[in-house]
Amino acid sequence: MDIEKELNEELAKSLRKVGEVWAPWRSAYISGPKKDGECVFCAKVKAPLASDRENLLLERGKKCFVCMNTYPYTPGHVLILPFSHVETLDELDEETYAEFFTLLKKWQAIVKKSVGAGGLNIGINMGKIAGAGIAEHLHMHIVPRYFGDTNFITTCADTRVVSKSLFDIYDLYLSNINSKEEK
Ligand SMILES: [Zn+2]
């Protein structure tokens, strides 16, 4: 067996997988099950407040909301969205746009503090061709990154390990948002 060739193949395989942690085109992970074409994001907003935990909805603002991604790229993956079912940033009125980014600033801090992330990937996949799983409802991703998350979890285990349950992280986020507001 040609060792060099084998190593090169392994390296190429690893490099492909590094990119997969930020792999928005794997829409199955973010789109999830949909009922009769109903938008899953609009459904969260329309649901009663009592179902917010069940829906992993973290915060309702005036024009925007924050929820956890049910199919996280990494543990603690959060989404920021406008209430309005629009596809692009251009369609947001000034107030919504301002709140969208205010929530981003607030939540990137909460995420970083809560889950001990070494860094974050923050971004929007605008449009199907850009990789949006649910292109019709604009959403911003906050993806915590952990030391070794690509070279160990993704490369070796060939799957993403979500070590804490979604609801554990949900509760952790809520306790941090509340403790912050009490000050
Ligand atoms: Zn929607």
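Helices and strands are here DSSP runs, a helix having at least four residues and a strand at least two. The model shown in these views is predicted.

**View 1. The chain and its elements.**
The chain holds 6 helices and 5 strands. Read from the N terminus, these elements follow one another as α-α-α-β-β-β-α-β-β-α-α. The chain has 183 residues, and 27% of them count as buried. Among contacts with a separation of 6 or more, 67% are between residues 24 or more positions apart.

**View 2. The open sheet.**
The sheet is open and is made of 5 strands in the order E1-E2-E3-E5-E4, with antiparallel pairing. Strand E1 (57-60) and strand E4 (119-124) are at the edges; each has a single partner strand, so one side of each lacks a neighbour in the sheet. On average, neighbouring strands are turned by 15 degrees against each other, direction ignored.

**View 3. Strand E3 and its two partners.**
Strand E3 (residues 78-82) pairs with strand E2 (residues 64-68) in the antiparallel sense, over 5 bridges. In this pair, cysteine 64 is opposite proline 82 of E3. E3 also pairs with E5 in the antiparallel sense, here over 3 bridges. Leucine 79 has histidine 141 in E5 as its bridge partner.

**View 4. The residues of strand E3.**
Which way do the residues of E3 point? Val78, Ile80 and Pro82 point one way from the strand, while Leu79 and Leu81 point the other way. In a regular strand, side chains alternate between the two faces of the sheet. Are the residues of E3 buried or exposed? The strand is mostly covered, with 5 of its 5 residues buried.

**View 5. Helix H4 across the sheet.**
Helix H4 (residues 94-115) lies across E2, E3, E4 and strand E5 (140-145), and runs at about 170 degrees to E3.

A residue counts as buried if 20 or more other C-beta atoms lie within 10 Å of its own, and as exposed if 12 or fewer do. By this rule Thr96, Phe100, Leu103, Trp107, Ile110, Val111 and Val115 of H4 are buried. These residues cover an arc of only 105 degrees around the axis, so they lie on the same side of H4. On the other side of H4, Glu94 and Lys105 are exposed.

Technical notes. Residues are numbered from 1 along each chain as its sequence is written. This is a predicted model: local features need pLDDT of at least 70, side-chain atom pairs count only at pLDDT 80 or more; totals for chains, interfaces and linings use all residues. Two strands pair if DSSP finds at least two bridges between them. Axes are lines fitted to C-alpha atoms, for helices over the stretch in contact, and angles run from 0 to 180 degrees between N-to-C directions. Two residues are in contact if their C-beta atoms, placed from the backbone, lie within 7 Å. The arc is that of the directions from the helix axis to the C-beta atoms.
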